[in-house]
Amino acid sequence: MSHADIICAYGDRGTRCATALTQETGERVDPEAVYKWREHNRIPAPYWSAFVASAKRLNIPGVTLEALAANAPIRQRPAA
């Protein structure tokens, strides 16, 4: 399950996901940020725990820290 698939599992482009993360973290998560995460297929690591907790609460299967780590895109740093 890719990071984009995980976001889509919440049922839309990212608004429901942003709402669930806002509830989980207690801080507003901007839906526009979630749209970008989906487009880039990359959920920032600081949000992984909130994704796992909200997915568990909403009965979305397959969202684990292991799945997020296994499917995290490798960021390449520019050559010096």
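The model shown here is predicted. It contains three aromatic pairs. In one of them, the ring centres of Y10 and F51 are 5.9 Å apart and the planes meet at 85°; because planes over 60 degrees apart count as edge-to-face, this pair belongs to that class. Y10 is found in the loop between α1 (3–8) and α2 (15–25), whereas F51 belongs to helix α4 (residues 48–57), so the pair ties together parts that lie 41 residues apart in sequence.

Are the two partners buried or exposed? Y10 has a relative accessibility of 7% and therefore counts as buried. F51, with a relative accessibility of 0%, counts as buried too.

F51 also forms an aromatic pair with W37. Here the centre-to-centre distance is 6.3 Å and the angle between the planes is 55°, an arrangement described as tilted. W37 is located in helix α3 (residues 31–40) and F51 in helix α4, 14 residues apart, and the pair links distant parts of the chain. Like F51, W37 is buried.

Which residues make up the aromatic cluster? Y10, W37, Y47 and F51 form one cluster.

How values were computed
Residues are numbered from 1 along each chain as its sequence is written. This is a predicted model: local features need pLDDT of at least 70, side-chain atom pairs count only at pLDDT 80 or more; totals for chains, interfaces and linings use all residues. Side-chain values use heavy atoms; hydrogens and water are left out. Rings of Phe, Tyr and Trp (its six-membered ring) pair if their centres lie within 6.5 Å; planes under 30 degrees apart count as stacked, over 60 as edge-to-face and the rest as tilted. Helices (H or I, at least four residues) and strands (E, at least two) are DSSP runs, numbered from the N terminus. Buried means under 20% relative accessible area, exposed over 50%, partly exposed in between (1.4 Å probe, protein chains only).
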